[in-house]
Amino acid sequence: MKPFDVYPVFPIEIEKGIGCRTYDKNGVEYLDLYGGHAVISIGHSHPYFVQKLTHQAEKLMFYSNSVINKLQDEMAEKLGKMSGYDDYSLFLVNSGAEANENALKLASFHNGRKKVLALQKSFHGRTSAAVRVTDNPSIVAPVNAGLEVVFTPINDIEAIRPLLLQREFSAVIIEGIQGVGGIHIPEASFLQQLEALCFETETVLILDEIQSGYGRSGKFFAHQYAGIHPGLITVAKGMGNGYPIGGVLIAPEFKASHGLLGTTFGGNHLACVAGSAVLDIIKVEKLVENAEKVGSFLLSELVKIPGIKEIRGLGMMIGIEFDYPVKEIRNRLLFEEKVFTGASGSNIIRLLPPLSLTIADARLFLERFVKVLETKPVVN
Ligand SMILES: Cc1ncc(COP(=O)(O)O)c(C=O)c1O
């Protein structure tokens, strides 16, 4: 049997990672400005994280949700304190899409409505409801198409108002910062008006912080720049630094009942220890503050580089848009300069480094980036 061939891959086999660097099977070192797609928050193979996981694996990796699991309580308490959502509850799952799937479901259970409003250029995952609220018809299979969804432009509250006033929408789902769509940041005033409109119309506001959360934006959650409090917040990616874990933070007005939601693997012992260790390291190493500091430095230096159409971003989530496809720039960064970067669409380079990136490593990236741009490919 072979893996189902759905991923275009670089001809590089990564074998090892330490902090913001990865190493291929020949020992070649790469600077990681991609973080394995925003997953690596505390850095690769952090010794404290490895030690905590190893210790737990030796004791117990998994038991089902039918027994007391104090590790879940411990992680939920830490997450509540660090995120500023102490009064919310936590439902644990295994991935981002599953977090959004459960959030959409919970919203619909809560107000009994069926329709969902999402934003143009959104990405929320590939499971049934999550992919339906993703603005990309090419990945929506006929079996996913049942949910009624309306897409409106980002930062356009007047396009949303008449729809929500119909009082037929169960939820509005929106990313803290649009990632796959190209690093588009919702304006604070838009989010504040959206929160008020959702409150007025009893629509649940779901903030997808799967990519933008866990400190990446320079605040624990990107929506905290706007001072709003969504009913549901979804998390994954950086939450486990590579260990598969996701979650839904649930406001107090949502009532739990036995059997309402469920999962076999979600919240297992090893996952909780991974999630807890990540939070410990984020706190001790002040990684949210570091994301803000090093991210601001990167942004301030990137704007000085000529030939770039636009720079957008907050903290360690940065989009560098060009007038032409970036494939060749990214390939040369990777193969000649040994730097991993991400992309959004064809013309945007996306930086999603570990939150522990230092100013020195940011400078190293900038040097290599400028070197590649100075000999940029001929546009055709
Ligand atoms: C904003 C956002 N939501 C949801 C997802 C889906 O997460 P997963 O791939 O863990 O299902 C992603 C993944 O890229 C994402 O960026």
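**Helix packing, sheets and ligand shell in a predicted model**

Q: At roughly what angle do the axes of helix α6 and helix α7 cross?
A: In this predicted model, helix α6 covers residues 157–164 and helix α7 covers residues 188–201, and their axes come within 11 Å. The crossing angle of these two axes is roughly 5 degrees.

Q: Is α6 roughly parallel or roughly antiparallel to α7?
A: The axes of α6 and α7 cross at roughly 5 degrees, and angles under 35 degrees count as roughly parallel. That crossing therefore makes the relation of α6 to α7 roughly parallel.

Q: Which residues of α7 are met by I157, I160, R161 and L164 of α6, and how does the contact divide by class?
A: By class, the contact of α6 with α7 has seven nonpolar, two polar and one charged residues. On the α7 side, the residues that I157, I160, R161 and L164 meet are F190, Q193, L194, L197, C198 and T201.

Q: Why is α3 described as roughly parallel to α8?
A: Helix α3 spans residues 70–83 and helix α8 spans residues 269–284, with axes that come within 9 Å. Because angles under 35 degrees count as roughly parallel, the relation of α3 to α8 follows from their crossing angle, which is roughly 30 degrees.

Q: What is the handedness of the crossing of α3 and α8, and how many charged residues does their contact have?
A: The crossing of α3 and α8 is left-handed. Among the residues in contact are L71, M75 and L79 in α3 and C272, V273 and L279 in α8. By class, this contact of α3 with α8 has eight nonpolar and four polar residues, and the number of charged residues is three.

Q: Which strands are the edge strands of the open sheet of four strands?
A: The order in this sheet is β1-β2-β3-β13, with mixed pairing. Each edge strand pairs on one side only, and these strands are β1 (14–18) and β13.

Q: In β3, which residue is the bridge partner of R21?
A: Strand β2 (residues 21–24) and strand β3 (residues 29–32) run antiparallel and are joined by three bridges. They form a hairpin with four residues between them, and G27 in the turn has a positive phi of about 85 degrees. Across this pairing, the partner of R21 is L31.

Q: Which residue in β13 stands opposite D32?
A: Strand β13 comprises residues 339–340, and β3 pairs with β13 in the parallel sense over two bridges. Opposite D32 stands F340.

Q: Which strands stand at the edges of the open sheet of seven strands?
A: The strands of this sheet follow the order β4-β10-β9-β8-β7-β5-β6, with mixed pairing, and the twist averages 20 degrees from one strand to the next. Each edge strand has a single partner strand, so one side is left without a neighbour in the sheet, and the strands concerned are β4 (89–93) and β6 (149–152).

Q: At about what angle to β10 does α4 run?
A: Helix α4 lies across β4, β5, β7, β8, β9 and β10. Relative to β10 (246–250), α4 runs at about 30 degrees.

Q: Which helix gives the largest share of the shell around the ligand?
A: Of the 14 residues around the ligand, S95, G96, A97, G125 and I210 come nearest. By class, the shell divides into five nonpolar, seven polar and two charged residues. The largest share, three residues, comes from helix α4 (residues 96–111).

Methods: Residues numbered from 1 in each chain as written. Predicted model: local features only at pLDDT ≥ 70, side-chain atom pairs only at ≥ 80, totals over all residues. Axes fitted to C-alpha atoms, helices over the stretch in contact; angles between N-to-C directions. Parallel < 35°, antiparallel > 145°, perpendicular 65-115°, else oblique. Contact = placed C-beta atoms within 7 Å. Nonpolar A, V, L, I, M, F, W, Y, C, P; charged D, E, K, R; others polar. Pairing = 2+ DSSP bridges. Left-handed = near helix turned anticlockwise from the far one by under 90°. Near = placed C-beta within 6 Å.
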